[in-house]
Amino acid sequence: MKLNIIKIAILSVATLSFSSHAVSDTDKEKMMSLVKESSPYVVGMGKNVDEVCRDMANDMVTKYGAQLSSIGKSPSDIRDSTSGICLDAASSASSSQSMEEVSMWKNSAMQNINKTFQGENEKSPARTFLVDVIEHSEKMAKTIAFMMEINRSR
């Protein structure tokens, strides 16, 4: 239910935000920069949060599947972890009051990873995978947070 509300909110904000009369040129430029930075994981440009997170999860299986399977992680484990992180980032962004909160979300997620992998190799495949997912999720979430900021400013 919460995910459906997030999807509706994000899509409606994206639709309203990109109407030619609602957004300043500066905001359009910033949004396009954020979209370019987060590509291909962009919510509201023809894809909803579920689709973006599913694409990210499939990409992570392609990128990390062989490495992570050697330490006991299946493709479904990779997809589940990726989707959970991605959806958490989207949820955090949709309830944020500013884009800075997305950075706080990333810092918190990274601290959790650092605690989990404390004393282990910084180059472990599992750690590298999680950091990559968090970085992609943060970029995707920043576009959502920016759309929310635009919507609140009207």
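This is a predicted model: local features need pLDDT of at least 70, side-chain atom pairs count only at pLDDT 80 or more; totals for chains, interfaces and linings use all residues.
## The chain overall

Let's start with the whole protein chain. Its secondary structure amounts to six helices and zero strands, so reading from the N terminus you get α-α-α-α-α-α. There are 154 residues in the protein chain, and 42% of them count as buried.

As for surface, the accessible area of the protein chain is about 8300 Å², with carbon and sulfur atoms contributing 52% of that. Now for the contacts in sequence terms: take those between residues at least 6 apart, and 75% of them join residues at least 24 apart.

## α2 against α6

When two helices pack, the angle between their axes and the distance between the axes describe the arrangement. Helix α2 covers residues 25-38 and helix α6 covers residues 125-152. These two pack at about 160 degrees, and their axes lie 8 Å apart. Since angles over 145 degrees count that way, α2 is roughly antiparallel to α6. The crossing of α2 past α6 is left-handed.

Who does the touching? On the α2 side it's Asp27, Lys30, Met31, Leu34, Val35, Glu37 and Ser38. From α6 come Lys139, Met140, Lys142, Thr143, Phe146, Met147 and Ile150. Sort the residues of this α2 and α6 contact by class and you get seven nonpolar, two polar and five charged.

## α5 against α6

Helix α6 also packs with helix α5, which spans residues 100-116. Here the angle is about 170 degrees and the axes are 9 Å apart. That angle makes α5 roughly antiparallel to α6.

α5 brings Val102, Ser103, Trp105, Lys106, Ala109, Met110, Ile113 and Asn114 to the contact. α6 answers with Arg127, Leu130, Val131, Ile134, Glu135, Ser137, Glu138, Ala141, Lys142 and Ala145. By class, the contact of α5 with α6 splits into 10 nonpolar, three polar and five charged residues.

## A closer look at Glu138

Is Glu138 buried or exposed? Its relative accessibility is 9%, and because the cut-off for buried is under 20%, Glu138 counts as buried.

Notes: Residues are numbered from 1 along each chain as its sequence is written. Side-chain values use heavy atoms; hydrogens and water are left out. Axes are lines fitted to C-alpha atoms, for helices over the stretch in contact, and angles run from 0 to 180 degrees between N-to-C directions. Helices (H or I, at least four residues) and strands (E, at least two) are DSSP runs, numbered from the N terminus. Angles under 35 degrees count as roughly parallel, over 145 as roughly antiparallel, 65 to 115 as roughly perpendicular and the rest as oblique. A crossing is left-handed if the near helix is turned anticlockwise from the far one by less than a right angle, and right-handed if clockwise. Contact means heavy atoms within 4.5 Å. Ala, Val, Leu, Ile, Met, Phe, Trp, Tyr, Cys and Pro count as nonpolar, Asp, Glu, Lys and Arg as charged, and the others, Gly among them, as polar. Buried means under 20% relative accessible area, exposed over 50%, partly exposed in between (1.4 Å probe, protein chains only). Accessible areas come from the Shrake-Rupley method with a 1.4 Å probe; for residues, only the protein chains shown count as cover.
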